[in-house]
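Dear colleague, please open the model below and keep it in view while you read. The numbered points are meant to be followed with the structure turning on your screen.

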Amino acid sequence: MPWTKTLSDLKASRDDLRRLPQHEFAAGSVLFRPEDQATGFVVVLSGRIEVRLTGISGREILLYAVAPGQSCVQTTLGLLGDEPYTGAAVCATGCTVVLIPKSMFLNLMNEDSSFRAGVLRAFGRRMADLTHVLEQVAFVPVEQRLAQALIDMAQAGHVTATQAELAARIGSAREVITRRLEAFARQGWVETERGRIKILNKVALIDLISKVM
């Protein structure tokens, strides 16, 4: 099966696409930074890339993640609108990607209706995800956002993440996360360690989340 099928809606099967090389990146690799120009369209074959925005104060927010079958909003905007990146993309895990050069991408968008439709569908889904993030930050209290993040990230009852990483994920500040985790711990819901959180009362966290429904 050609790698283009990684994007389920991307039906292009041109030989020039299949011949593009795969690139391996280690966890922590930076793929782009603010003010960089997009040079091509990335198709993620394996791994997870996180796109983060950093404010003047240094506060960071996770805008979205790109996994196999998903697209990068900022890259699509950069290629179609010639806009520079405003965020930074970092490999959260080891990643395998294919880069469709800008010239080839633009030609396919102009000439291949199935390719164009696939890219635009993926872009639309990612914009919906980004809107959801903004709604959460604007309207959902930080306690509920933190509880949801802990539930989503837990593996075998443990969350492996720093407080700074949790803050970026839910659009808050590290100091706020520290206070909220201390409050959760006092209530017997979690137990905190360095870079690791043990969930002691999952039901209480779920009940807290349900209060915003």
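The points below go through the pockets, the packing of some helices and a few single residues.

1. Before anything else, please bear in mind that this is a predicted model, and that residues are numbered from 1 along each chain as its sequence is written.

2. I would begin with the largest pocket, whose volume is about 600 Å³. Its lining is made up of 25 residues, and those that lie nearest the centre are His132, Val133, Gln136, Asp152 and Arg169. The elements that give two or more residues to this lining are β5 (60-66), α4 (113-139), α5 (142-153) and α6 (163-170). Which of these gives the largest share of the lining? That element is α4, with six residues. Sorted by class, the lining of the largest pocket has 13 nonpolar, six polar and six charged residues.

3. The second largest pocket has a volume of about 370 Å³, and 16 residues line it, with Glu50, Met153, Thr160, Ala161 and Arg169 nearest its centre. At least two lining residues are supplied by each of β4 (49-54), α5, β8 (158-159) and α6. By class, the lining of the second largest pocket consists of five nonpolar, four polar and seven charged residues. When you look for Arg169, note that it is listed among the residues nearest the centre of the largest pocket and also among those nearest the centre of the second largest pocket.

4. Val133, which was named above as one of the residues nearest the centre of the largest pocket, has its place in helix α4. If residues up to four places away in sequence are not counted, Val133 touches Leu62 and Leu63.

5. The contact of α5 with α7 holds eight nonpolar residues, two charged ones and no polar ones.

6. Helix α7 also meets α6, and here the axes come within 8 Å and cross at roughly 105°. Are α6 and α7 roughly parallel or roughly perpendicular to each other? They are roughly perpendicular. The contact is made by Gln163, Ala164, Leu166, Ala167 and Ile170 from α6, together with Arg174, Ile177, Thr178 and Leu181 from α7. In the contact of α6 with α7 there are six nonpolar, two polar and one charged residue.

7. Is Ser172 buried or exposed? With a relative accessible area of 7%, Ser172 is buried, because buried means under 20%. Setting aside residues up to four places away in sequence, Ser172 touches Arg59, Glu60, Val142, Arg145, Ala167 and Ile177.

8. Glu165, in helix α6, is partly exposed, with a relative accessible area of 39%. The C-alpha atom of Glu165 is 13 Å from that of Gly58, although the two residues are 107 places apart along the chain.

9. In helix α2 (residues 73-81), the residues Val73, Gln74, Thr75, Thr76, Gly78 and Leu79 are buried. These buried residues pack against β2 (30-32), β3 (40-46), β5, α3 (102-111) and α4. Just after α2, please check Asp82, which takes a positive phi of about 60°.

10. Finally, consider Tyr64, which is found in strand β5 and is buried, with a relative accessible area of 4%. Apart from neighbours within four places in sequence, the contacts of Tyr64 are Ile49, Glu50, Val51, Cys72, Val73, Gln74, Arg126 and Leu130. Between Tyr64 and Glu191 there are 28 Å in space, C-alpha to C-alpha, and the two are 127 residues apart in sequence.

How values were computed
Predicted model: local features only at pLDDT ≥ 70, side-chain atom pairs only at ≥ 80, totals over all residues. Heavy atoms only, no water. 1 Å grid on protein atoms, 1.4 Å probe; cavity = no way out; pocket = protein on both sides within 12 Å on 5 of 7 lines; lining within 4 Å. Points joined across faces, edges and corners; volume = space filled by probe spheres on them. Helix = DSSP H or I, 4+ residues; strand = E, 2+ residues; numbered from the N terminus. Nonpolar A, V, L, I, M, F, W, Y, C, P; charged D, E, K, R; others polar. Buried < 20%, exposed > 50% of the residue type's maximum accessible area, 1.4 Å probe, protein only. Contact = heavy atoms within 4.5 Å. Axes fitted to C-alpha atoms, helices over the stretch in contact; angles between N-to-C directions. Parallel < 35°, antiparallel > 145°, perpendicular 65-115°, else oblique.
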